[in-house]
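This briefing is for a reader meeting the structure for the first time. Please look at the sequence and the model, then read the points below.

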Amino acid sequence: MTKKWIETLVGGLMLAGALALSMLAFKVSGIQVGSNDSYYHVTADFENVGSLQTRSKISLSGLIIGEVSQIEYVPEDFTARVTLKIKSNYDNLPIDSTAAILTQGMLGDQYIGLSVGAEEELLEDGSVIEETQSALVLEELIGAFLLSMTKE
Amino acid sequence: MMLNQVQKIGAATIGFTQRFGRAGLFLFYSLWGIPSLKAGMPLLLKQLYSVGVLSLVIIVVSGTFIGMVLALQGYTILSDFGTENALGQMVALSLVRELAPVVAALLFAGRAGSALTAEIGLMKTTEQLASIEMIGVDPLKHVIAPRLLAGFISMPILTAIFCAAGIWGGYLVGVQWLGLYEGAFWANMQNAVSFQHDVLNGILKGFVFGIAITWIAVFQGYESEPTSEGISVATTKTVVYSSLTILALDFILTAMMFGDF
């Protein structure tokens, strides 16, 4: 095995590695180069966030416009404060938009669905979404249903 | 009698700790002050060839087959729930996070680790290491260091190649053979896999396993009994120890990377 061949084959190994990595980056994880997305953050307080997690999706009209960046506990009023990270090209959302925690399909992940309000003023960095709807808890739903059945 | 037992336990503990210390110092002295690039490069290239390039075939072939099996098994289970479109996501996540680093590392330990131990063990048995030292060349720098570095460099590359081959295998079975819709296969995968969280962590795992395997392999060779039986014992130890280390390390790394505590 001559020196030249060894160098060529090692170079081939390196190239194959780089090729594999770029396939993993672009084809498998769908990374997008150059889309250096900037975001703005708004917060919303929920009574119950269910199984919402950081990196859960935020959807508007079915499109994904951002993700949950932080969930923390607010000791004053016993609620959970969710920080929403929204892509800055969706900057025309009225300030009275509402946020609801919804579930994808029967067994899917929970996500935040935004519904657009009517005010002129827009959501910007640091705004607070006042109207929120907590995650539905199945047991509470069944309880409420049974209660209404027995009342009749 | 009792005292003897206690003494034995103590001696075993000290011996165990001493071995660990020797292995640590061995790694330190080999990598401390890497020889000049001009002198070191040809040695490193030769080792990259025998450790990395020669492992390529087994990595690609087993990667492809594991991806194919994953797709086939996944399809039969997922189609029971009518969610066979999630196949791409399942294949990619299980490969990138777990299977690629671990299986590539186990293969690497069997293919390259054992070869390293046997080679260095034979060098020691035939007193090549001693004669190199006699002419004033440090065997740690010229024999051990290039092998260590070659292992550290090759493993992450091989992990990435294993992943890519496996996903290609999954694509072959899922899309080409079982007839899944191609767009859904890739789109679901791209939605689920994150480059930083999954791909880079998987390759980081491969790198850590590479360090563990090469270190164990080279140290076992260097410390082997200079007899033919000693070499065989050392080679066996390399494969056993590195496999156990990989699996244990994998648990710890997974808990740290994907545990979300």
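In which helix of chain B is the place of B:V103? B:V103 lies in helix α4 of chain B, which covers residues 87-125. The model is a predicted one.

- Apart from neighbours within four places in sequence, B:V103 is in contact with B:I66 and B:F162.
- Between B:V103 and B:V91 there are 15 Å in space, C-alpha to C-alpha, and the two are 12 residues apart in sequence.
- B:S62 is found in helix α3 of chain B, residues 56-80.
- With a relative accessibility of 17%, B:S62 also counts as buried.
- B:S62 touches B:L107 and B:F162, when residues up to four places away in sequence are not counted.

**Helix α1 of chain B**

- Helix α1 of chain B runs over residues 2-31, and its 30 residues should span 44 Å at 1.5 Å a residue.
- The buried residues of α1(B) are B:A23, B:F26, B:L27 and B:S30, and they pack against α6 and α8 of chain B.

**α1(B) with α8(B)**

- The axes of α1(B) and α8(B) are 11 Å apart, and the helices pack at an angle of about 105°.
- Angles of 65 to 115 degrees count as roughly perpendicular, so α1(B) and α8(B) are roughly perpendicular to each other.
- On the α1(B) side the meeting residues are B:R19, B:R22, B:A23, B:G24, B:F26 and B:L27, and on the α8(B) side they are B:W215, B:V218, B:F219, B:Q220 and B:Y222.
- By class, this contact of α1(B) with α8(B) has 7 nonpolar, 2 polar and 2 charged residues.

**α6(B) with α8(B)**

- Helix α6 (residues 139-177) and helix α8 (residues 195-222), both of chain B, pack at an angle of about 150° with axes 8 Å apart.
- Since angles over 145 degrees count as roughly antiparallel, α6(B) and α8(B) are therefore roughly antiparallel to each other.
- The crossing of α6(B) past α8(B) is right-handed.
- Residues making this contact include B:L148, B:F152 and B:M155 of α6(B), and B:F207, B:I211 and B:W215 of α8(B).
- The contact of α6(B) with α8(B) divides into 15 nonpolar, 6 polar and 1 charged residues.

Key
Residues are numbered from 1 along each chain as its sequence is written. Chains are lettered from A and ligands numbered from 1 in the order in which they are written. This is a predicted model: local features need pLDDT of at least 70, side-chain atom pairs count only at pLDDT 80 or more; totals for chains, interfaces and linings use all residues. Side-chain values use heavy atoms; hydrogens and water are left out. Axes are lines fitted to C-alpha atoms, for helices over the stretch in contact, and angles run from 0 to 180 degrees between N-to-C directions. Helices (H or I, at least four residues) and strands (E, at least two) are DSSP runs, numbered from the N terminus. Angles under 35 degrees count as roughly parallel, over 145 as roughly antiparallel, 65 to 115 as roughly perpendicular and the rest as oblique. A crossing is left-handed if the near helix is turned anticlockwise from the far one by less than a right angle, and right-handed if clockwise. Contact means heavy atoms within 4.5 Å. Ala, Val, Leu, Ile, Met, Phe, Trp, Tyr, Cys and Pro count as nonpolar, Asp, Glu, Lys and Arg as charged, and the others, Gly among them, as polar. The expected span of a helix is 1.5 Å times one less than its number of residues. Buried means under 20% relative accessible area, exposed over 50%, partly exposed in between (1.4 Å probe, protein chains only).
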